[in-house]
Amino acid sequence: MQARYGRWLMALAAAAGLVVSLVAYFNRGGGIAHTGGAALVIASTAILLVAALVLALALAAPAWLRGLLLAGCLLDLLGTGLAAFFLHAWLLLALMIIGLVGWLLAMFADRAAATREARA
Amino acid sequence: MRPRIAFAIAGLAAGLAALAALAQQPAPAAASFGGWSTFNGDLMAQKYAADAQITPANVGDLRKAWEVHTGDISHGAGGVPATDWSATPLFVNDTVYISTPFYRIFAIAPDTGRVKWIFDPHAPLKALTQPEMKTRGVAYWQAANPVAGQPCQKRVYVGTMDGKLYAVDADTGRACADFGRGGVVDVNQWNAVNPVWPLSLLQPPTVYKDSLFVGWAGKDWASKTAPPGWVFALDARTGQLKWTFNPLPANAWRQTGTSNVWASMSVDPKNGLLYLPVSSPSPNFYGGERKQALPYTTSITALNADTGQVVWARQLVHHDLWDYDINSAPTLVDIRKDGRTVPALVQSTKMGFIFVLDRLTGEPIYPIVERPAPASNVPGEQASPTQPYADLPAPVISERWPGVSTLADLVSFGECSRRAKQLRYLGKFTPPSLGAGSLEYPATVGGVEWGGGAVDPTSGTYVVNNSSVVMIYQLLTRQQYAALNRSEDRTNYYAQSGTPYGMHLTNFLNWLGMPCWKPPFGSITAYDLKTGRTVWREPFGVVQKWGFYMPRSWGSVTIGGPVITRTGVIFIGASMDSKVRALDERTGRLLWSAQVDAPAVALPAVYTYRGRQYVLFTAGGNSILTPRLGDQLVAFALP
């Protein structure tokens with residue numbers, strides 16, 4: 001259950017991050033409008049959203065795919081967070097931290113469930 | 001003695017002491033009281049506002065009061081050159097006036113931002129001299145004894161890239177028919193010597209009594225001969241020519257040109273003196289054909305404002321080979337030094353020196369020393385054996401270039417250090433050279449740019465921002481330059497036609513576009529003019545690349561300048577990151593910042609209207625800094 005919450009939390013953070021990035025890209029008074037950095041976080045949050053949704057919805061996905069997506073999500077979260085730091089996009093940075101919490105839940109709750117299943 | 005009487009006497013003594021101390025303070029000579037009537041706030045270019053509502057304690061509460069988008073912006077598409085909006089807004093006649101890069105004048109209500117009227121001269125939107133559409137604002141004049149019911153008793157003037165000066169009624173925006181022909185004077189009627197391009201009126205005229213003092217900008221680095229640097233004094237009412245001054249003698253016009261005054265000027269109203277920051281002669285980077293003495297080039301020159309006669313002049317670069325134009329109006333201020341009040345002039349420069357002179361005589365208040373300068377190794381060239389140095393106040397940049405940036409060198413696999421070894425560098429004033437070229441620090445972008453410094457006349461604190469930029473000056477033989485015709489990319493190459501050498505001018509960057517030199521790339525410094533000592537120096541602004549903000553300690557290249565208020569608040573845009581800031585005059589500490597649409601590469605204006613103090617920034621951008629351009633005029637005030 002916690003893993004499911006974690007995956008959805010990650011997807012929600014990614015979706016909110018995508019909205020924040022889009023606003024930042026088009027908001028002329030925001031400081032990073034129409035910049036490569038803003039475009040980059042639009043792309044990275046969009047990719048994160050797709051990956052998190054696949055993790056949340058495709059429960060029957062093979063373990064190798066889940067592992068690959070989780071690894072990709074971690075890299076995406078860290079990279080987007082770093083970009084947000086240098087873009088001074090503090091809301092996006094906060095969302096990526098929330099997404100990271102979701103990732104941790106998804107990762108470790110998944111692992112705990114797998115351990116329980118193995119013991120049973 | 002009874003305690004009450006003792007207190008009274010002590011209080012009286014303290015009061016007298018305070019009065020005596022006040023009497024010792026030089027009075028603010030030309031502060032702007034509740035207005036901002038010239039490009040530099042006042043004629044003495046102090047950039048000082050006597051307004052006191054905004055203080056270091058409450059400046060953090062500043063909010064956007066209003067903004068205007070003029071619509072006059074171009075990124076270079078559609079046949080209109082990119083815009084560079086460096087205009088200082090004026091506040092006078094209960095109205096804010098500003099010109100746009102398309103040379104329209106906007107008259108705006110100072111409290112709401114409502115546009116009262118717009119004047120459009122329908123100027124050609126072509127880069128006739130400068131590469132971009134550019135304006136630094138308008139000028140204002142009003143009759144000493146206005147005639148009621150008559151138009152044009154108050155006037156606003158705007159110049160255009162094609163050399164036309166328009167006068168319009170400040171209340172209605174209608175052309176003043178008695179000025180020139182139907183409200184316009186074509187300055188090019190006097191462009192009779194080497195008229196290879198028009199005299200571009202990008203800097204507003206300086207207004208003093210009933211005269212307009214008009215300088216102009218040209219086309220840099222293009223040719224040996226060019227229009228010589230006339231300064232025109234015009235009648236503010238009729239546009240009739242009163243007098244002219246030319247920094248170049250007539251017998252030099254076949255070898256050189258320019259030495260024009262493209263920056264703002266200042267005036268000492270008490271003594272009737274006009275101060276000209278005179279630019280370098282053409283061709284900018286090779287002087288082999290202009291070896292004669294040209295004492296007014298790259299100088300500060302004081303004229304009698306009524307006659308145009310030279311009162312004194314001081315050359316600040318001999319035989320200029322670096323395009324070290326004197327590029328800002330000198331700041332005039334009375335300073336208290338060694339027990340007496342000295343009428344001073346403070347001149348910031350591209351070289352990073354701060355020259356402090358007696359403004360009545362031109363003699364240095366702090367020493368100026370002639371030091372040996374590197375020789376040229378270019379055939380035909382003969383660099384000046386010495387150059388003037390001012391060690392006090394300390395220059396805004398270091399004597400030697402900052403050295404190779406480890407980060408830039410690492411990511412370019414040693415490109416920066418390899419190239420640095422190939423370049424000729426013998427310290428400040430290394431002449432341009434053939435081959436790989438010369439490393440120049442500072443280079444033509446400064447040091448200090450045209451924004452110049454600001455002074456608090458009560459404390460004697462002078463504040464100035466600067467850039468720290470390393471460039472490469474490479475001369476090319478005519479054969480090498482001709483070979484470029486076969487190459488597609490001629491960016492940063494300049495003909496200097498009529499000379500034996502073309503020119504290649506680049507920033508010292510690695511293949512990633514990173515500066516090869518160590519930060520900070522820009523700073524802001526406060527000096528105590530009474531002693532010449534540095535009070536504080538801080539990296540200023542933030543570099544932004546692809547939207548990413550670099551560390552604060554790197555600072556930013558800066559264009560634009562500061563203003564100071566009576567309460568000790570410095571307002572400044574100037575940074576690459578499109579933020580405007582307030583700093584503490586005493587410490588340099590950041591007190592407030594706000595995001596605007598583009599780098600605010602103009603001087604801010606400060607005024608009080610109906611009991612509320614406003615700070616106005618023009619967020620127009622400049623492609624030298626970043627591609628981000630704007631058309632926003634934005635006012636901030638306390639809630």
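1. In chain B, 57% of the 639 residues are buried (20 or more other C-beta atoms within 10 Å of the residue's own; exposed means 12 or fewer, partly exposed in between; C-beta atoms are placed from the backbone).

2. Basis. This is a predicted model: local features need pLDDT of at least 70, side-chain atom pairs count only at pLDDT 80 or more, and totals for chains, interfaces and linings use all residues. Residues are numbered from 1 along each chain as its sequence is written, with chains lettered from A and ligands numbered from 1 in the order in which they are written.

3. Secondary structure. Chain B has four helices and 42 strands (DSSP runs: H or I of at least four residues, E of at least two, numbered from the N terminus).

4. Cis peptides. L392(B) to P393(B) is cis, omega near -5 degrees. P393(B) sits in the loop between β25 (386–389) and α2 (406–411). G446(B) and G447(B) are also joined by a cis bond, with omega about 25 degrees. G447(B) is in the loop between β26 (438–440) and β27 (453–456).

5. Positive phi. H122(B), not a glycine, has phi near 55 degrees. H122(B) is exposed, with 9 other C-beta atoms within 10 Å. S259(B) has phi near 50 degrees. S259(B) is buried, with 27 such atoms within 10 Å.
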